[in-house]
Amino acid sequence: MDGSTGTSRYEEAYGAWRADPEGYWRQAAEAIDWATPPTRIFDGEAGVYGRWFPDARLNTCFNALDRHVAAGRGAQTALIWDSPITGRSARFTYAGLLDRVARVAGALAARGVGAGDRVIIYMPMVPEAAIAMLACARLGAIHSVVFGGFAAAELSARIADAQPKAIISASCGLEPGRIVKYKPLLDAAIALSPHKPGHCLILQRPEHPCELTPGRDMDFLDAEAAATPAPCTDVAATDPLYILYTSGTTGKPKGIVRDNGGHAVALMNSMSMLYGLKAGDVMWTASDVGWVVGHSYIVYAPLLAGCTTVMYEGKPVGTPDAGAFWRVAAEHRVKVLFTAPTAIRAIRKEDPEGALLARYDLSALEALFLAGERCDPPTAEWSATLLGKPVIDHWWQTETGWSISGNFRGLGLFPNRPGSGGKPAPGYDLRALDEAGQEVPRGQIGTLAVKLPLPPSNLPTLWHADARFREAYLEAFPGYYNTSDAGMVDGDGYVWVMSRTDDIINVAGHRLSTGAMEEVLAAHPDVAECAVVGVKDSLKGQAPLGLVVLKAGTTKGEAEIAKELVAMVRDRIGPVAAFREARVVQRLPKTRSGKILRATIRKIADRESYTVPPTIDDPLILDEIADVLKQAEK
Ligand code: COA
Ligand code: AMP
């Protein structure tokens with residue numbers, strides 16, 4: 001489908017990395033402007049499994065902005081904000097963006113924020129979110145962006161863990177038909193957290209300005225206007241650039257740490273190798289700065305590479321229609337578009353023939369990249385046929401910061417296989433392992449694991465939690481990083497990622513923990529036990545389904561309890577959990593040792609065939625569950 005000239009160049013690049021990993025990354029590091037260039041590339045003795053560029057120093061913001069202005073790119077557009085939900089848009093040149101970032105950095109510095117301090121950013125998709133991130137990077141401060149779809153309790157957990165000196169937020173976000181008032185969420189989160197930030201900068205949006213809390217809050221734009229621009233502070237390559245919290249198997253999110261040096265090198269390398277982009281090109285990543293995809297490919301990588309990045313505050317459908325993505329791509333001459341398969345499924349559902357696409361000139365668009373969840377072959381095939389351009393599925397995680405596998409435009413594409421996430425990126429020695437940690441033969445499913453060390457940009461550890469890092473990722477298979485994704489590597493080296501091996505589900509490309517949802521359901525006074533599983537959803541890939549057993553003597557109606565449970569998850573985790581289904585059952589299927597058989601429940605809900613687990617304590621429960629779910633469908 002996509003030409004086949006690339007196999008040998010990909011193999012050459014992968015082979016070059018295998019033959020000399022340090023030489024490969026030494027060369028990639030030349031694309032970064034270092035304050036102190038690395039003399040050592042990797043120190044296997046440092047950190048939990050080693051550290052990249054241990055003796056180098058740099059500033060990430062300098063690499064994303066200042067150096068391009070110094071090189072004469074000041075007048076080039078760095079960032080385009082396109083917001084169909086407000087009907088507004090804006091463009092920022094590299095010089096203009098640098099000026100704003102330096103001032104916001106100055107405003108933070110004036111409030112005592114310096115290198116190593118944490119700043120939480122809780123914002124919608126406005127340019128000030130990217131400006132705030134880069135301002136932190138400029139000071140060597142560590143940002144932690146929290147997705148706007150999370151509720152106060154989730155924000156509070158992140159404030160408690162990161163202990164920020166300041167929080168940057170906005171008065172509101174905008175969802176179709178609804179204003180998301182951030183200020184009450186922020187206030188509630190701070191009230192819940194044992195740690196209180198000293199300062200909050202609040203961006204007032206005309207759609208819903210808010211009251212500022214005296215003594216704590218300051219208007220973002222006023223603080224920026226009053227500030228003296230701050231210079232870049234160089235930090236060690238191994239110093240954290242950001243913490244991004246992601247769902248773990250429990251309610252307590254994991255603080256993924258990203259370092260400055262490895263991140264800059266790997267992201268810069270990925271822009272040419274993977275996306276085939278160079279300075280001056282336009283990249284649009286239709287995601288959110290609250291997710292890793294947004295951190296890497298809305299903010300950092302395109303700017304590190306001197307590209308123009310598009311930041312979109314809207315949806316694939318409904319703002320105003322299913323032609324929105326094609327309108328944005330055409331208007332801004334986007335060369336590479338990156339989004340989640342869910343967005344394409346949403347467009348296809350509303351415009352199956354792609355009639356809206358015909359209105360736009362997509363001659364500048366060269367490729368569509370998809371990630372965040374497994375791309376089903378019909379979605380890959382539909383979009384490739386419609387666009388007549390390569391559609392590339394690539395697999396990655398918050399933990400990695402860039403792609404573990406993909407297809408590499410900069411190396412010439414090899415033929416795509418719909419349903420596969422491409423081949424391992426140079427830097428990743430990927431294996432499928434059995435439970436004993438032995439590699440399974442090619443073509444057989446196992447747990448996908450990366451032989452240590454992980455490449456640059458991958459997490460060196462979890463924030464202040466080395467032991468949890470080891471336990472969550474390194475202990476299952478000594479010498480490997482456990483991706484917790486099940487899949488296989490086929491005879492030709494293509495990677496097929498099938499499902500998670502843990503309690504994580506993927507809803508509309510959003511990573512969610514069923515364990516966290518179970519903790520919420522279990523807190524309902526009438527619930528004795530519960531299980532949450534991810535069931536198939538034709539639009540969002542997966543959707544959470546909750547099964548609850550009520551306490552004896554409960555008098556409340558089942559429908560009322562279900563409604564309360566849905567409201568509780570929305571209130572404690574957030575609307576993004578998209579938890580809409582709770583069913584009451586008499587019992588939950590368990591093994592004789594008491595473990596709930598979640599995988600079997602999921603198969604029943606998905607109408608897949610299943611074998612009755614030999615360890616089940618009472619097989620009849622499975623029929624009861626099937627009956628409840630069948631009745632629910634009626
Ligand atoms: N702030 C506040 N609320 C948010 C939010 C945000 N940033 N993002 C989503 N939500 C809310 C939605 O409004 C929705 O609320 P509702 O229950 O009141 O309707 C809820 O969270 C669930 O959102 P979502 O799962 O996104 O469903 P949706 O029906 O609103 O939209 C799609 C469906 C397909 C249009 C949407 O999921 C989408 O654009 N997906 C693309 C995926 C993507 O970008 N993933 C990023 C990782 S690469
Ligand atoms: P996140 O950390 O939110 O990026 O989610 C990471 C998880 O999403 C991975 O562990 C996979 O389960 C899933 N995922 C991301 N991209 C892909 C892909 N291209 N194919 C299959 N699964 C994917």
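The radius of gyration is taken here over C-alpha atoms, and the rule for a globule is 2.2 Å times the number of residues to the power 0.38. For 634 residues a compact globule would therefore have a radius of gyration near 26 Å, and the protein, with 24 Å, agrees with that. This is a predicted model, in which local features need pLDDT of at least 70 and side-chain atom pairs count only at pLDDT 80 or more, while totals for chains, interfaces and linings use all residues. Residues are numbered from 1 along each chain as its sequence is written, chains are lettered from A and ligands numbered from 1 in the order in which they are written, and side-chain values use heavy atoms, with hydrogens and water left out.

**Overall fold**

- The C-alpha trace of the protein spans about 70 × 60 × 55 Å along its principal axes.
- The protein holds 18 helices and 31 strands, where helices (H or I, at least four residues) and strands (E, at least two) are DSSP runs numbered from the N terminus.
- Of the 634 residues, 60% count as buried, where buried means under 20% relative accessible area, exposed means over 50% and partly exposed lies in between, with a 1.4 Å probe and protein chains only.
- Among the contacts with a separation of 6 or more, 71% come from residues 24 or more positions apart, a contact being heavy atoms within 4.5 Å.

**Annotated regions**

- UniProt positions are given in the numbering used here, with feature names shortened, and the annotations may be inferred rather than shown by experiment.
- In an unreviewed entry, UniProt places "domain: Acetyl-coenzyme A synthetase N-terminal" at residues 10–64; this span is 44% helix and 11% strand, and its end C-alpha atoms lie 28 Å apart.
- The feature "domain: AMP-dependent synthetase/ligase" is placed by UniProt (unreviewed entry) at residues 68–451, a span with 32% helix and 24% strand whose end C-alpha atoms lie 36 Å apart.
- For "domain: AMP-binding enzyme C-terminal", UniProt (unreviewed entry) lists residues 517–595, over which the chain is 27% helix and 32% strand, with the end C-alpha atoms 17 Å apart.

- Two packed helices are described by the angle between their axes and the distance between the axes.
- Axes are lines fitted to C-alpha atoms, for helices over the stretch in contact, and angles run from 0 to 180 degrees between N-to-C directions.
- The axes of α9 (residues 260–273) and α10 (residues 292–304) come within 8 Å and cross at roughly 85°, so α9 and α10 are roughly perpendicular to each other; angles under 35 degrees count as roughly parallel, over 145 as roughly antiparallel, 65 to 115 as roughly perpendicular and the rest as oblique.
- On the α9 side this contact is made by H263, A264, L267, M268, S270 and M271, and on the α10 side by S296, Y297, Y300, A301, P302 and L304.
- By class, the contact of α9 with α10 has nine nonpolar, three polar and no charged residues, with Ala, Val, Leu, Ile, Met, Phe, Trp, Tyr, Cys and Pro counted as nonpolar, Asp, Glu, Lys and Arg as charged, and the others, Gly among them, as polar.
- Helix α2 (residues 21–29) packs with α9 at an angle of about 85°, their axes being 9 Å apart, which makes α2 roughly perpendicular to α9.
- Here Y24, W25, A28 and A29 of α2 meet V265, A266, N269 and M273 of α9, a contact with seven nonpolar, one polar and no charged residues.

**Helix α6 and its end**

- In helix α6 (residues 152–162) the buried residues are A152, E154, L155, S156, R158, I159 and A162.
- The cover over these buried residues includes β6 (118–122), β8 (166–170), α7 (182–192), β14 (240–246) and α16 (558–572).
- Just after α6, Q163 takes a positive phi of about 50°; Q163 is found in the loop between α6 and β8 and is partly exposed, with a relative accessible area of 42%.

**Backbone features and loops**

- Most residues other than glycine have a negative phi, and most peptide bonds are trans.
- A508, in the loop between β27 (504–507) and β28 (510–513), has a positive phi near 55° and is buried, with a relative accessible area of 17%.
- A cis peptide bond with omega of about 0° joins T319 and P320, and P320 is in the loop between β17 (308–312) and α11 (324–331).
- Another cis peptide bond, with omega of about 5°, joins L452 and P453, and P453 lies in the loop between β24 and α14 (466–474).
- G443 lies in the loop between β23 (430–433) and β24 (446–451), counts as partly exposed at 39% relative accessibility and, leaving aside neighbours within four places in sequence, is in contact with M488, V489 and D490.
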